[in-house]
Amino acid sequence: MWKNVAANGMSFLIIVFIALAGAIAWGQREFRAPGPLTEAAFFEVPRGASLRRVSEDLAETGAVSSAMLFRLGADYAGMGDQLRFGSYEIPAGSSMEEVLQIVTAGGPSQFRYTATYVLRLSGSGELRLRERVPGTGEIVELADFAYEEGVPEAYTQLVESGTPMVYRVSVPEGLTSWQIVEGLRAADFLSGEIAEVPPEGRLAPDTFEVTRGADRRAIIDGMLTAQEAILAEAWANRQDGLPLASPEEALILASIIEKETSVPDERRQVSSVFVNRLNRGMRLQTDPTVIYGITEGRGVLGRGIRASELRAETPWNTYVINGLPPTPIANPGRAAIEAAVNPDDTPLLFFVADGTGGHAFAETLEEHNRNVARWRQIEAERAASSP
């Protein structure tokens, strides 16, 4: 009798072992087999999410055929605790093994939707909504709008549905601190208050990637820290013999250079003109300082400078004051700061617009007057041809 029981028990264990081995072999095949996705899809791993939640979300979106099998495979591979927060693109037909590799690799996030908020001179901003088409990498424009013009439905629907989206805040060079603060205040996806406008020139222009609800003050603090580091590095590597007594004066000159030209190759030439003028005791006579004296950095002038304004005594009007104005007139970028402390070695003393977006430079007043006459002719021709 006991021999029969033992034999039956052994047979049962063998059957169980074979079944278990078969189940494991089947699970491994399923884990490595092509997945159910018929087209590429984006998937977000929430910060701090558990393996169970991620596996269930993957199954719900159709990226894997079985949440339980995905968890078992992840645990078996020793990767169940290696999930990385982010948004990932999962190619069509990805196996569970491939999906696991994607969500644990920790590479750069690839969001389907990107909202880039570009600050403007007016003190507002323009939001550009783009979609990355899954599986192709093609970028499609969905919306491009300023908040005061109304928010399009395409953006509203994504926000209200909680669709994962990466936000970028782009701060161009040459904005004033007031314009930057007002632009950040207008952004609907940011939170927090900015108690006061930071000192002029102390904010480093850049593009920042943020999440919805990011704190405005944190963005400002980051820009302050970055500009301090940029200025310190540039000042430490400055040319000898500059007519600049401090990093603050370098920042003031850099802000004028930033407002005078947007042509990268001209920055050091423009800097040389101002440095040569400072060395000779000549007034800088630069229009952007006149404009800042009128607006004090709040918005744009929106018209030409009047002759009376060129003569007006403001702290920033370099047609009236000697040397540099008391503060920067905008927030310069790294290139303008570096140009201020490392100008080209030239004899140039003058420049004027040349009609191409750049400037005509001159060493003598006679040559400069000819350049000015050419520019006036270009202005007259443009005025005559405009409606």
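Predicted model: local features only at pLDDT ≥ 70, side-chain atom pairs only at ≥ 80, totals over all residues.
Residues are numbered from 1 along each chain as its sequence is written, and side-chain values use heavy atoms, with hydrogens and water left out.

Next I looked up the partner of Glu-209, and found a salt bridge with Arg-168, the closest N and O atoms being 3.5 Å apart; a salt bridge is a side-chain nitrogen of Lys or Arg within 4 Å of a carboxyl oxygen of Asp or Glu. This pair links distant parts of the chain, since Arg-168 lies in strand 6 (residues 166-170) and Glu-209 in strand 8 (residues 207-210), 41 residues apart. Helices (H or I, at least four residues) and strands (E, at least two) are DSSP runs, numbered from the N terminus. Arg-168 is partly exposed, at 30%.

I then turned to helix 7 (residues 216-236), where Asp-221 and Arg-217 sit four residues apart, about one turn of the helix. Their side chains meet in a salt bridge of 2.9 Å, N to O, and I recorded Asp-221 as partly exposed at 34% relative accessibility and Arg-217 as partly exposed at 25%.

Finally, I searched the whole structure and found 17 salt bridges; I also noted a network of salt bridges linking Arg-130, Glu-141 and Asp-144.

Terms used:
Buried < 20%, exposed > 50% of the residue type's maximum accessible area, 1.4 Å probe, protein only.
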